[in-house]
Amino acid sequence: MTEVASVLYGREDIRRRVEELGRAITGDYAGREPVLISVLKGGTMFLADLMRQLPLPLEVHFMAISRYGDAEESFGRVQILLDLDVDLAGRDVLLVEDIVDTGLTLSYLLSVLRARGPASIEVCALLDKAIRRIAPLSVRYAGFDCPDRFVVGYGLDFAERYRNLADILAVDDLKALRANPDALVPLLSAP
């Protein structure tokens, strides 16, 4: 694809996996009305595609967080910038994430949400980078097991760019991408 990045998960593989996750979630939540929660901004593309695969009555809500320190690693230190305005008590919550890495940030969010008394809370992540997991947590619905690589596309960004790539790319040369943030621009118009 380029010397900087290569396709890790293509758009057709993503589409098929999202459909499979949708079928599993639909079966597990039959007769219930789940509340889907996504953290802005990375999970929005995955959430949009996933919820179209869920023929269930559901609600969708968003949270926004600010990570402290290096943008690539937060080590679980977060500040909630946009909180929920819905009561979760007694509700079935599905936290929809783009990627779970160390699990530290997700563990924090889960503790915040559990304190609000939901009947159940599960995690659905498109990418599970379990190899880097520090916090003990389980991802009930995982799209792909992600290798220990920096990834962009399909909602995942590099310096707020490339979320709109249809494929998920593994960055092969992060140093080169930092030196030339436009290196992947030609891929935005790739069929």
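Glu 160 counts as partly exposed because its relative accessibility is 48%, where buried means under 20% relative accessible area, exposed over 50% and partly exposed in between (1.4 Å probe, protein chains only). This residue has a positive phi of about 70 degrees although it is not a glycine, and it sits in the loop between strand E8 (151-152) and E9. Helices (H or I, at least four residues) and strands (E, at least two) are DSSP runs, numbered from the N terminus. The model is predicted: local features need pLDDT of at least 70, side-chain atom pairs count only at pLDDT 80 or more, and totals for chains, interfaces and linings use all residues. Residues are numbered from 1 along each chain as its sequence is written, and side-chain values use heavy atoms, with hydrogens and water left out.

Tyr 162 lies in the loop between E8 and E9. Its phi is positive, about 75 degrees, although Tyr 162 is not a glycine. At 2% relative accessibility, Tyr 162 counts as buried.

Turning to the helix H1, its buried residues are Ile 14, Val 18, Leu 21, Gly 22, Ile 25 and Thr 26. They lie on the same side of H1 because they cover an arc of only 130 degrees around the axis, the arc being that of the directions from the helix axis to the C-beta atoms. On the other side of H1, Arg 23 and Gly 27 are exposed. The buried residues pack against several elements, including strand E1 (5-9), helix H2 (44-51) and strand E9 (168-171); contact means heavy atoms within 4.5 Å.

A cis peptide bond, with omega about 10 degrees, joins Leu 40 and Lys 41.
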